[in-house]
Amino acid sequence: MTQGSGEILGWLRGRRWFAGKDRRPRSLKILDSSTIDATTAPALDIALAQVDFADGGHDRYLLLLTVDEGGSSSDAFDSIERLGVLGDLMAHGGTAPGSFGAFHFGGPGLDPSSPPGARSVTPLDAEQSNSSVIFDDQVILKLFRRPDFGPNPDLQLNRYLTAAGFEHVPAQVGEIVYEGVLGGGEVTMDLGLAQSYLKGDDGWAKMLSEVRSLLEPPGLSGDDAQLRAAVEERGRKGLEELEELGDVTASMHVTLSREELDPEIAPETIRAADLNAWANDVGASLRELQARGISPDELHSGELEARLEIFRRLQVAGSKTRVHGDLHLGQVLYTPRGWMLLDFEGEPLRALEARRAKQSPLRDVAGMLRSFSYAASAGLFHLAAPDTSEWLGLQPVADAWESLARQRYLGAYLRKSHEARYLPDDRETIGSMLSVFEIEKALYEVSYEEGHRPEWVRVPLRGLDRIVREARSHASS
Ligand SMILES: Nc1ncnc2c1ncn2[C@@H]1O[C@H](COP(=O)(O)OP(=O)(O)OP(=O)(O)O)[C@@H](O)[C@H]1O
Ligand SMILES: [Mg+2]
């Protein structure tokens, strides 16, 4: 196989999915590899590589390489049609032996007599942290660029949900898995997930255009109640779609909470220790932001701590289950078959094991609710500069949409959630938990926006504001 690991490192550093851009790579070594197609030149290799950094750390990468006769290698995504062979290998259940193990290709949902990729092989035209390739406009294969030991939640949960008959993920039809002995131990690494490729509209773009159509002239006007009625009228279709999304989100949680046999997936009761650990994490983020100079007043630190305290003392908090892990409008697709949920890999910066940890499903719900807040604000940012008279004039319309979006999504979510028993019965407890998970997301957003888009810090701060205002009005009622 490849001779020039320095050469690979050279082009690897320019790839969007290379995560070590601000670190100094020292060397690259191939952990294992296999030639999967040598019928035409250049040959196609699959490889697991490890990049060692000058700071002492390392990252692992999955590479698909074309290797010419002189041993010089390039990213196979630059000769995309060569990847057609992956469709064939999955459909036939092929195995490609390496030096320390083997790369296994599986295709539970593929027909070996017509393997995907015979007609077309195209790259996914999207910025992403992995690399996806589309076969015949029908199957999309996502190659996990930074694989790790143990199951990848995207493959694991899509495999499970497809087998359970859940209709709101694109069916999982194939996979690539490595099994071998690396670093002295037996390891399994999930490398790729193939699903049916569906035509649809991205949820974020769809809801952003909803908000913009409400904000653009002719503008809506009136007092709060009139605005709400007008948004409800003009935004009816979008709000109904969010109701469907609430229903689909709960169906996913219901399906995940029904597993009884597989201990990786079966729900467990949320204990005091879980609540305590989750609250401690949120408390730590709060103090970190304060240490970075954000005022406790702006953060409403005292009141947020009070919410955390209530959360710590909950007696009953339902079940923790496997969850989507990074649910927001950018992860859902509106198709003729309704909403489809994509990308179960969780938050990419966290370790695989942490991403597989069971959580309260309400954490997913909180992610989606924060995303509505971002859609409302992105619509505003599109039309006005912060704090101008236009901005202040449009804000009540954006607020009315966000409030209705929340209400419709949550209403439908809670109705459907009753098909299983993973949430506490008490509506107030659900509200307390949800507010803490929203606080968690909003604090993360404050930290992110501070570093990237300081003008947007107002978005999560306003979210925190809403949470404490609601808690106050609840306490006084
Ligand atoms: N089954 C599918 N059918 C149609 N489009 C899909 C499908 N799966 C993924 N896509 C499209 O590809 C995009 C990227 O997919 P995905 O989010 O799984 O990749 P990713 O590498 O994890 O991306 P990111 O870096 O944004 O997390 C999606 O936003 C969606 O537009
Ligand atoms: Mg992702």
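A charge sits over a ring here if NZ of Lys or CZ of Arg is within 6 Å of the ring centre and within 35 degrees of the ring normal. The model is predicted, so local features need pLDDT of at least 70 and side-chain atom pairs count only at pLDDT 80 or more, while totals for chains, interfaces and linings use all residues. Residues are numbered from 1 along each chain as its sequence is written, chains are lettered from A and ligands numbered from 1 in the order written, and side-chain values use heavy atoms, leaving out hydrogens and water.

**View 1. Two arginines over tryptophan rings**. Arg363 puts its charged end over the ring of Trp278, 5.6 Å from the centre. Arg453 does likewise with Trp456, at 4.0 Å from the ring centre.

View 2. The structure has twelve aromatic pairs; rings of Phe, Tyr and Trp (its six-membered ring) pair if their centres lie within 6.5 Å, with planes under 30 degrees apart called stacked, over 60 edge-to-face and the rest tilted. Helices (H or I, at least four residues) and strands (E, at least two) are DSSP runs, numbered from the N terminus. Trp17 is buried at 8% relative accessibility, and Tyr61 is buried at 0%; buried means under 20% relative accessible area, exposed over 50% and partly exposed in between (1.4 Å probe, protein chains only). Trp17 and Tyr61 also belong to one aromatic cluster with Phe18 and Phe53.

**View 3. Phe381 against Trp391**. This pair is edge-to-face, 5.0 Å centre to centre and 75 degrees between the planes. Phe381 sits in helix α11 (residues 362-383) and Trp391 in helix α12 (residues 389-417), so the pair ties together parts ten residues apart in sequence. Phe381 is buried at 16% relative accessible area, and Trp391 is buried at 3%.

**View 4. Strand β3 and its partners**. Nine of the ten β3 residues are buried, so the strand is largely enclosed by the rest of the structure. Strands pair if DSSP finds at least two bridges between them. β3 runs antiparallel to β2 (residues 43-53) over ten bridges, with Leu44 opposite Thr66. Four residues separate β2 and β3 in their hairpin, where Gly56 has a positive phi near 95 degrees. β3 also pairs antiparallel with β4 (residues 73-75) over three bridges, Leu65 having Asp75 as its bridge partner.
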